[in-house]
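Good morning, colleagues. Please turn to the structure on the screen, and I shall take you through it.

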Amino acid sequence: MTREALAGWGSTSPTVADVRWTTAQRLPAQLGEVGERGALLRGLGRSYGDAAQNAGGTVFRLDDSVHGVVLDPQAATVTVGGGVSIDELLRVIVPAGFFVPVTPGTRFVTIGGAIASDIHGKNHHRDGSFGSFVESIELVLADGRVTKVSPACDPELFWATLGGIGLTGAILSATIRLIPIGTSRLLVDTLRCANLDELMSQMLANDHRRRYSVAWLDPLATGAALGRSVLTIADHAEPGDLGAAAGADPLSYRAAQRATLPALVPPAGLINRMTVGLFNELWYRRAPRRREGELQTIPSFFHPLDAVGRWNRVYGRRGMIQFQFVVPEDRPDVIHTVVSALAEHGTPSFLAVLKRMGPSGPAPLSFPAPGWTLALDVPAGGRSLAPLLHGFDDLILDAGGRHYFAKDAHTVPAAIRRGYPRLGEWQAVQRRADPHGLWQSDMSRRLGLTHAEGDHR
Amino acid sequence: MNNGLGEPQRVVLLGGTSDIGLAIVRALCSPALRRIDLACRDTAAGERAAADLRADHPAVEVEVVGFDGAQPETHQTALDDLGRTGDLDVVIVAFAQLGEDGGVRDAAAAARLATVNFAGNVSAIIAAGNVLRRQGHGTVVVLSSVAGERVRQANPVYGGSKAGIDGFAQGYGDAVAADGVHVLVVRPGFVHSAMTAGRQPAPFATTPDRVAAATVAALRAGRRMVWAPGVLRYVFSALRHLPAPVWRKLPIN
């Protein structure tokens with residue numbers, strides 16, 4: 001056990017906890033040793049805010065091995081430990097002809113984290129979130145009991161655990177439905193859009209044609225170029241799509257990290273209007289006006305930022321805030337307002353991601369909802385950033401939108417209650433699973449998520 | 001918990017009627033702030049300050065609690081009680097007495113002043129620090145003074161106690177950093193406030209609001225020390241090295 005400062009990927013609010021590496025076998029008995037500040041499981045710490053930290057309490061980390069992965073090719077399912085990452089899992093399943101049903105923009109997330117945040121990917125408009133593919137979850141409850149929940153067996157606890165930010169129990173393992181793939185490549189169409197209106201109409205026209213669709217937009221462009229962007233839509237390639245060279249080994253999978261950003265970045269970071277403006281400009285110019293059927297690998301299409309380890313260090317000591325929200329499909333005006341307010345404010349924001357989401361899943365705290373979701377990074381130390389973001393909050397909530405727990409670092413309890421009207425329903429199930437408030441996190445304290453807040457003291 | 005923008009949810013002011021302390025509390029008000037605790041000896045005055053805060057920030061819960069800086073033995077219980085009602089994100093230690101200029105002959109009065117300004121501050125900082133260490137996060141803001149940087153003959157008891165608390169707070173900050181506790185030392189110059197009313201302002205005099213703005217900026221930036229105004233850092237690095245015969249004759253003395 002070591003006392004360690006833990007922060008999210010945005011490195012904004014580090015707090016100190018007792019960190020214990022453990023295993024699925026030892027964890028249930030160790031829960032009895034947890035003090036009054038409670039416990040939480042932490043995966044790879046890729047949620048941006050304070051979801052995976054527990055100040056003054058215990059933070060368990062699962063020492064899981066990919067050797068425990070059980071792939072059932074007939075059923076197209078895999079049973080995998082909660083501490084195994086998508087990175088590790090892909091190295092097992094891609095050569096066998098399978099792909100994860102949902103991947104976020106980084107492969108360095110654990111299966112436990114994917115469930116706890118009910119993550120979504122570029123295929124949400126068509127396939128839904130991670131939860132749509134989870135057959136069962138093996139959970140350690142606060143009293144140390146190990147239980148298996150599924151949509152048939154204790155569906156309330158199952159759905160409360162999906163998107164439940166680790167506050168219903170410790171996710172030991174899960175059985176996930178995979179999707180079969182013929183190759184490890186993607187056929188990608190790229191379309192450059194001059195502004196936000198053009199982008200949104202292209203997304204509405206093209207999303208249904210492909211499994212994957214996402215747009216990257218330049219949050220610094222103003223005026224007629226507001227929201228200039230690059231839309232990519234893609235499907236998994238079939239063996240016939242590959243040339244002779246790649247066709248010889250259609251399922252080969254190599255995902256390497258080319259470099260890691262050192263800790264030597266100046267405290268103020270490398271992010272300012274000039275560097276970011278230049279980057280965004282180059283990136284937009286570099287994209288073809290229109291290109292169809294380009295072959296890309298899984299890492300280059302899904303996980304481009306993973307090529308550089310610790311890229312978050314580019315923001316310096318004060319870190320960054322990632323801001324992600326969703327608004328209903330008939331409220332594109334909110335996206336417009338946010339993008340133009342940000343561009344005018346001049347906050348040096350890197351590429352923002354815009355995506356159309358499909359229907360919501362059954363989980364009460366799951367983020368995705370039909371409509372437009374925008375995610376963007378801003379340096380945390382920026383001047384007058386706080387009033388800007390709080391102002392966006394009101395706009396988003398008034399439009400019937402909400403914030404994403406895995407990204408949130410700044411919002412307030414009232415905003416969550418408006419954005420997630422089923423919070424009370426989730427709290428009732430959470431309290432049944434954890435009556436004494438064992439599971440605690442900085443996020444649950446900040447947002448007042450667990451009903452048992454204060455009880456355990 | 002502080003959010004990612006550095007906005008606290010709960011602020012405690014020890015010395016709940018201090019002008020500078022209250023200005024810092026006001027500067028920390030944001031949509032994230034949920035509760036303010038004013039801990040002071042004169043709870044009637046504390047209630048008046050609380051009423052003003054409630055009027056300006058109706059969404060924030062403001063509580064007043066009795067607290068005597070001159071009784072160090074009561075501090076731990078007081079802070080533990082506050083901690084029991086939820087995490088403390090920022091604790092501002094802002095109680096001190098100025099004493100009388102030239103008051104260097106009354107030994108008992110000097111000791112009483114030193115007890116509040118030094119011993120009382122030390123115990124309050126440690127008591128708050130103990131709560132924050134258990135929480136694994138939080139900041140103690142310590143109001144020091146440039147008067148401690150080079151102690152003036154006009155009020156050596158005040159200056160000496162500030163020199164002591166300034167040094168203690170820095171060392172204590174290093175001691176508790178690994179436990180997630182941050183200590184910010186604020187060194188204001190002459191501040192126009194109730195405490196200094198009727199006195200001749202020193203050069204670079206400032207206001208509680210400007211000290212508060214500098215303090216909040218330093219908190220957000222994670223700094224350990226802030227001068228208010230910033231120029232005093234350079235003024236005092238010169239004054240500190242003046243030979244004593246010159247220093248003694250300066251008109252600011």
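Predicted model: local features only at pLDDT ≥ 70, side-chain atom pairs only at ≥ 80, totals over all residues.

In total, the structure holds 3 cavities of 30 Å³ or more. The largest cavity comes to about 80 Å³. Its lining, by contrast, includes 5 charged residues, together with 3 nonpolar and 2 polar. Among the lining residues are Asp189(A), Arg209(A), Arg290(A), Arg291(A) and Glu292(A). Strands 12 (185-193), 14 (229-236) and 16 (290-297) of chain A each contribute at least two residues to that lining.

I turn now to the two chains. How many residues does each chain bring to the contact? Chain A brings 25 residues and chain B brings 24. Together they bury about 1800 Å², with 53% of this on carbon and sulfur atoms. On the chain B side, Met1(B), Gly4(B) and Leu5(B) account for 30% of the area that chain B buries against chain A, more than any other three residues.

As for polar interactions, 11 residue pairs are in polar contact between the chains, both residues being at pLDDT 80 or more. The side of chain B that touches chain A comprises 10 polar, 8 charged and 6 nonpolar residues. There are 2 salt bridges between the chains. One of them joins Arg37(A) to Asp87(B), with the closest N and O atoms 2.7 Å apart.

Terms used
Residues numbered from 1 in each chain as written. Chains lettered and ligands numbered in written order. Heavy atoms only, no water. Contact = heavy atoms within 4.5 Å. Buried area = accessible area lost by both parts, 1.4 Å probe. Salt bridge = Lys/Arg side-chain N within 4 Å of Asp/Glu carboxyl O. Polar contact = N/O pair within 3.5 Å; in protein donor to acceptor, adjacent residues only side chain to side chain. Nonpolar A, V, L, I, M, F, W, Y, C, P; charged D, E, K, R; others polar. 1 Å grid on protein atoms, 1.4 Å probe; cavity = no way out; pocket = protein on both sides within 12 Å on 5 of 7 lines; lining within 4 Å. Points joined across faces, edges and corners; volume = space filled by probe spheres on them. Helix = DSSP H or I, 4+ residues; strand = E, 2+ residues; numbered from the N terminus.
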